[in-house]
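The entries below follow the order in which I looked things up.

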Amino acid sequence: MLTFVRATGERLRETGSILWRCFYSVTLTILCSIGLAFIPQGIESLRLVSQPGWNFTVFAVSVASWSLAAWYSARLTLGRIFAGNAIVDRSDTPYVRWLRTWLPRLLGVLPPTLLTVRYQLLGEPVLALAFAGIALAIGAFVLAPHRWFGSPLSRMPGSEASLRFVELQKRTVVTVVTVILLSFALLLAIWWKPVEVGNIVTAPSLMCFAFGSWILFGDLVLTYYFRHFKLPSMAAMPLLLFVLFSPWNDNHEVAQLDVAPGPSVRPAGPDRFHAWLAAHQASGALKAGQPFPVFLVAAEGGGLRGAYWTAMVLAKLQDDSGRRFADHVFALSGVSGGSLGGTVFAALVADQHSGALAHAPCATHGQVAFQACATAVLRRDFLSPILGYLLYPDMVQRFLPVPVAAADRARAMELAWQTGWTDSVGSERLSQRFDTLWEGQAGLRVPSLLLNATVVDGGNRIIASNIAIDGSFPDAFDAYHELIDLRRMSLATAVHNSARFSYLSPAGTVYACRDAGKLVPCASGGKREPWGRVIDGGYFENSGVETLRDLLFAMRPVLRQWRKQGYDIEPVVIVISNSPGAIAPSGKLDPNSARLDQAFLSELLAPPMGLFNTRAARATFAVTAERRDMSVLLPPDAERFLWFGITTANDTPLAWALSDRTFNGIDRLTKTPQSARLPFDKVLKRIPTAQNFVRAVQAVP
């Protein structure tokens, strides 16, 4: 027994020594393989590159490059004799020889083999066969002798052991340097044109190319060459620099436009609501004794899934109502992807009233112009630009002691949204300052936005809105407050603050100015310094309903005032949920609805899983509480609270890139007979007749 324990311990020491020698080859190959083959977002990206075009070819090349880099790096680092006491250098047992020989080969064939299995499970046998061919080709290649990779050989000093590499040939060095230079060329291309490069080299290809270059740099530069010069391996140096420079290299300041700041004084919720009703009264759309619906929309977070579903629900209601729906939407509270979808809708409404929508490239079919434009703006790959920035410019930033603002990956996400909008609609709405969306005489006809984000230090809400965020919104910061330097941010930046779901999007650093230790408006010349960091609004509450509930309570005095004058105003809450399989909350929970997801490593995994799942639970609670509060404020009416949810059959991952099959599945939900499950008709039947709408359009420019 003692002999077995000793032998096992020796094998573990030998294994650890070998794995540390080719640390980057092993860890990055395993991580990238897991990310692509087992994580839902990675699996969705595989669907994305399988669509017609050159994306699959580029992806296949990137996987082959990554696989060969893993084999190449492991083969060279394990094949070299270095001076020192490392077990991998001085041990030549059969087990060590076997591991030195076969570990690099395994790393070379692992990625295409896993992708073969995954594509077969996805129902793509042709693509599975393609990767099977790649796996076989790489397998045959790594098993064959190679003169190109051959180097002068020698026996270990004082030993009759097998031959090992002593040094690399120049052509091998040229190969490594060439690959690293190509990686820097890709870095510069992404830095210069992130959206355009992302259209050619999509997210999974970028990840494979990046991991391949990291493997070569980590194993052959940080390990091989340092050991070659009789220095310790620097494999851990990137982690050390990452930690050491982190206090000084934050380059994620929330972007500001080079324009004058927007107004810090805005109407409070009740004042805005009163003015909004008065405008409808003046136009003749609001008449005493006639029902007048007021829609308040809450759009749940969920990446591109949430953005697309939110925009399509609102766009369908606008198109099907003859463009009358938006005139009855007073406010929209959004979180993360819901903020993007709601903002796209509000911006389309603004362009409708400015006349820009009539000339938009996406609005060629007038009867479904809103749906066509929402599709054109959002049916895009927003993941590749930000992932490219994350893996290249922003990754280099993490190892520098000073911040480089141009390397902030948030720039890529916001630029991708702005490009999608401009290419599709033709205007510059998303690139302009946030508050300009409500400028001009038609500003009251654009729904108010409440874009919810979370402050890291404290966990409170911070809300960007054209409405003043005052005491009506308990424990919430006003992003447009004069003491917070955010009043020059673009509409896209305001949306991104609500959608900064780490770690893909970084926490945004917000600045303010201080004088004698107190905050002052930055225009007064105080010292500008960090105020706080903002992240995704879903960390606080993912449905957006909590903020909408605060607004509804603030609106009560105005509702009572107008009702006393004989106006039959009917607030209706629309909740757009995009959690696949979610159903409208029904109050008391049935124990049959509970489930035990897993018991594996529960001691370790139970706390983080519980915290993550409360994200959805808090959203459900907020929705339930909103419905309860409406029943107190207004006469009971089941159709005052309407729920739009994605069904389980259309399950999609939370990501910023979706395949055509996923988009098509969402589109089918808005078509009959699927639309019978969703309350589109309940919304439309509340909207006044087209005759009243025509009079409103004539009276309000």
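This is a predicted model: local features need pLDDT of at least 70, side-chain atom pairs count only at pLDDT 80 or more; totals for chains, interfaces and linings use all residues.

Which residues of helix H13 meet which residues of helix H14?

**Entry 1: H13 and H14**

I listed the H13 side as Gly303, Gly306, Ala307, Thr310, Ala311, Leu314, Ala315 and Gln318. On the H14 side I found Gly337, Gly338, Leu340, Gly341, Gly342, Phe345 and Gln352. I sorted the residues of this contact into six nonpolar, nine polar and no charged.

I then looked up the geometry. H13 covers residues 303-320 and H14 covers residues 337-354. Their axes come within 6 Å and cross at roughly 35 degrees. I recorded the crossing as right-handed.

**Entry 2: Trp309**

I stayed on H13, where Trp309 lies. Is Trp309 buried or exposed? Its relative accessibility is 0%, so I put it down as buried, the cut-off being under 20%.

I next asked what Trp309 is in contact with, leaving aside neighbours within four places in sequence. The list is Ile576, Ser577, Asn578, Phe644, Gly645, Ile646, Ile666, Leu669, Thr670 and Leu678.

**Entry 3: strand S12**

Phe644 and Gly645 from that list took me to strand S12, residues 641-645. Five of its five residues are buried, so I describe S12 as largely enclosed by the rest of the structure. In a regular strand the side chains alternate between the two faces of the sheet. I therefore checked each side of S12 and found both covered, with Phe641, Trp643 and Gly645 buried on one and Leu642 and Phe644 buried on the other.

S12 runs parallel to strand S11, residues 568-577, and five bridges join them. I found Ile576 opposite Phe644; both are also contacts of Trp309.

**Entry 4: nonpolar cores**

How many residues does the largest nonpolar core have? I noted 148, and the residues with the most contacts inside it are Phe59, Tyr119, Phe325, Leu378 and Phe644. Helix H4, residues 55-79, gives the most to this core, with 13 residues. A second, separate core has 31 residues, including Leu286, Leu296, Leu548 and Trp562.

Not counting residues up to four places away in sequence, Phe59 touches Leu36, Leu46, Val49, Leu115, Tyr119, Phe131, Pro204, Ser205 and Cys208.

Methods:
Residues are numbered from 1 along each chain as its sequence is written. Side-chain values use heavy atoms; hydrogens and water are left out. Buried means under 20% relative accessible area, exposed over 50%, partly exposed in between (1.4 Å probe, protein chains only). Helices (H or I, at least four residues) and strands (E, at least two) are DSSP runs, numbered from the N terminus. Two strands pair if DSSP finds at least two bridges between them. Axes are lines fitted to C-alpha atoms, for helices over the stretch in contact, and angles run from 0 to 180 degrees between N-to-C directions. A crossing is left-handed if the near helix is turned anticlockwise from the far one by less than a right angle, and right-handed if clockwise. Contact means heavy atoms within 4.5 Å. Ala, Val, Leu, Ile, Met, Phe, Trp, Tyr, Cys and Pro count as nonpolar, Asp, Glu, Lys and Arg as charged, and the others, Gly among them, as polar. A nonpolar core is a set of buried Ala, Val, Leu, Ile, Met, Phe, Trp, Tyr and Cys residues joined through side-chain atoms within 4.5 Å.
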